Amino acid sequence: MAVLKVIKNRYSVRAYQDRAVAPEVLQTVIEAARLAPSARNMQDWRFVVVQDAARRQQLMAAANNQAFVAKAPVVIACCATQPDYVMRCGQRTAPIDLAIAIDHMTLQAVEEGLGTCWIGSFYEDQVKTILGIPDEVVIIELLTLGYPADTPPASKHRQPLAEIVAYEKW
Ligand SMILES: Cc1cc2nc3c(=O)[nH]c(=O)nc-3n(C[C@H](O)[C@H](O)[C@H](O)COP(=O)(O)O)c2cc1C
């Protein structure tokens with residue numbers, strides 16, 4: 001599929017079929033994250049893939065009780081292993097590197113007929129306890145993954161190009 005078509009077809013999936021994701025398909029999605037660019041090629045990430053139903057239930061509670069988090073057959077905790085590195089521009093690399101990797105996964109998921117939803121509404125301390133994630137690691141986002149049980153929205157609510165782009169000067 002052409003990249004822009006995949007981008008257009010991606011939407012936040014908040015309802016999932018009760019259907020497992022085959023290991024080789026899951027691996028393809030994670031491969032898309034593995035190939036993502038990162039500052040200084042630090043690859044400062046680790047992805048904890050959760051499929052156990054009881055553990056997904058715990059993650060749902062830690063994610064502000066968003067019910068679909070437990071319904072998704074896969075939840076991926078996207079973690080930064082070097083969370084304190086700051087670039088010369090003043091930005092931390094970790095959220096940027098992880099966001100690129102996560103977006104790669106969301107797009108590869110579309111290619112595989114899967115859906116995803118970024119989850120930023122979660123209590124990091126609780127997720128760390130559930131998944132045994134060390135103190136020095138930061139969980140940037142959770143990502144739900146599975147076969148959609150809903151239908152895509154008719155259109156995306158986005159600002160027009162003219163409002164978000166300037167040429168040559170601000
Ligand atoms: C960083 C980030 C955090 C998000 N956290 C949540 C969340 O906790 N729960 C949720 O239902 N959606 C969450 N979303 C999904 C956004 O609401 C969604 O991407 C946005 O409304 C645009 O809709 P679309 O993804 O369908 O195009 C998050 C998205 C991003 C990028």
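Reply: Buried means under 20% relative accessible area, exposed means over 50%, and partly exposed lies in between, with a 1.4 Å probe and protein chains only. This is a predicted model, in which local features need pLDDT of at least 70 and side-chain atom pairs count only at pLDDT 80 or more, while totals for chains, interfaces and linings use all residues. Residues are numbered from 1 along each chain as its sequence is written, and side-chain values use heavy atoms, with hydrogens and water left out.

Me: Is Glu168 buried or exposed, and what is its relative accessibility?

Reply: Glu168 is found in the segment after H7, where helices (H or I, at least four residues) and strands (E, at least two) are DSSP runs numbered from the N terminus. Its phi is near 75 degrees, a positive value in a residue other than glycine. Glu168 counts as exposed, its relative accessibility being 83%.

Me: Where does Arg40 lie, and what is its phi?

Reply: Arg40 belongs to the loop between H2 and strand S1 (45–50). With 62% relative accessibility, Arg40 counts as exposed. As a residue other than glycine, Arg40 has a positive phi, near 55 degrees.

Me: Which residue forms a salt bridge with Glu31?

Reply: A salt bridge is a side-chain nitrogen of Lys or Arg within 4 Å of a carboxyl oxygen of Asp or Glu, and by this rule the count comes to one. The closest N and O atoms of the pair are 2.7 Å apart, and the partner is Arg34.

Me: How far apart in space are Leu98 and Ala33, C-alpha to C-alpha?

Reply: Leu98 sits in helix H5 (residues 93–111) and is buried, with a relative accessible area of 0%. Although 65 residues separate Leu98 from Ala33 in sequence, their C-alpha to C-alpha distance in space is 8.7 Å.

Me: Which residues make the nonpolar surface patch of about 460 Å²?

Reply: Patches are made of residues with over 30% relative accessible area and no salt bridge, like charges being joined within 9 Å and nonpolar side chains (Val, Leu, Ile, Met, Phe, Trp, Tyr) within 5 Å. Leu161, placed in helix H7 (residues 161–164), is exposed, with a relative accessible area of 62%. The patch is made by Leu161, Ile164, Val165 and Tyr167.

Me: Which residues come nearest to the ligand?

Reply: A residue is near a molecule or strand if one of its heavy atoms lies within 4 Å of it. Strand S3 (residues 115–119) gives the largest share of the shell around the ligand, three residues. Of the 14 residues around the ligand, those that come nearest are Ser12, Arg14, Gln66, Gly120 and Arg158.

Me: How much of the ligand's area does the protein bury?

Reply: A polar contact is a pair of N or O atoms within 3.5 Å; within protein, one must be able to donate a hydrogen and the other to accept it, and residues adjacent in sequence count only if both atoms are side-chain atoms. An oxygen atom of the ligand is 2.8 Å from a polar side-chain atom of Arg158, and a ligand nitrogen atom is 3.2 Å from a polar backbone atom of Trp118. Accessible areas come from the Shrake-Rupley method with a 1.4 Å probe, and for residues only the protein chains shown count as cover. Taken alone the ligand exposes 620 Å², of which the protein buries 62%.
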